[in-house]
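Subject: Structure handover

Hello,

Please find the structure below. My notes on it follow directly after.

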Amino acid sequence: QVQLVESGGGLVQAGGSLRLSCAASGTIFKISAMGWYRQAPGKQRDVVATITTGGSTNYADSVKGRFTIYRDNAKNTVYLQMNNLKPEDTAVYYCKLSRPLYREVWGQGTLVTVSS
């Protein structure tokens, strides 16, 4: 029933910026933790950033100081602002919704490509 729709990916040169958006359907967004994950070709899917229902955030060391995760509960949307992008940031980025006693929901993924 719950669906996550991601947008904002694309091709950008090193040093550029992108903002990813993830809009959630349904009514459980406000009581759900959200996160952004990424997976490069041939590599495992890794956590990029997470945000709790109360707004507490955590970031992977590789993106600290460059990426910001934030949520707008009125719009049922979580964002990932990515600044000073590097070629190693190239990956498919996935949004995830997590809630106790509820199955995790993943978005379809959006491709971010950073050229040198």
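To start with a side-chain pair, lysine 64 forms a salt bridge with aspartate 61, with 3.2 Å between the closest N and O atoms. A salt bridge here is a side-chain nitrogen of Lys or Arg within 4 Å of a carboxyl oxygen of Asp or Glu. Aspartate 61 is exposed, at a relative accessible area of 65%. For accessibility, buried means under 20% relative accessible area, exposed over 50%, and partly exposed in between (1.4 Å probe, protein chains only).

Before the rest, the conventions. This is a predicted model, in which local features need pLDDT of at least 70 and side-chain atom pairs count only at pLDDT 80 or more, while totals for chains, interfaces and linings use all residues. Residues are numbered from 1 along each chain as its sequence is written, and side-chain values use heavy atoms, with hydrogens and water left out.

The structure holds four salt bridges. Arg38, Arg66 and Asp89 are linked in a network of them. Aspartate 89 meets arginine 38 at 2.9 Å, N to O. Aspartate 89 lies in the loop between strand 8 (77-82) and strand 9 (91-99), and arginine 38 in strand 4 (residues 33-39), so this pair ties together parts that are 51 residues apart in sequence. Strands (E, at least two residues) and helices (H or I, at least four) are DSSP runs, numbered from the N terminus.

Aspartate 89 also forms a salt bridge with arginine 66, where the closest N and O atoms are 2.8 Å apart. Arginine 66 sits in the loop between strand 6 (57-59) and strand 7 (67-72), so its pairing with aspartate 89 joins parts 23 residues apart in sequence. As for burial, aspartate 89 has a relative accessible area of 1% and arginine 66 one of 9%, and both aspartate 89 and arginine 38 are buried.

Next, threonine 77, which lies in strand 8. Threonine 77 is buried, with a relative accessible area of 8%. Its side chain reaches the backbone oxygen of lysine 75 at 2.8 Å. Leaving aside residues up to four places away in sequence, threonine 77 touches Ser21, Cys22, Ala23, Phe29, Tyr70, Arg71 and Asp72, where contact means heavy atoms within 4.5 Å.

Last, leucine 11 is in strand 2 (residues 10-13) and counts as exposed at 67% relative accessibility. Leucine 11 and threonine 113 are 102 residues apart in sequence, with their C-alpha atoms 4.8 Å apart in space.

Regards

Note on methods. A polar contact is a pair of N or O atoms within 3.5 Å; within protein, one must be able to donate a hydrogen and the other to accept it, and residues adjacent in sequence count only if both atoms are side-chain atoms.
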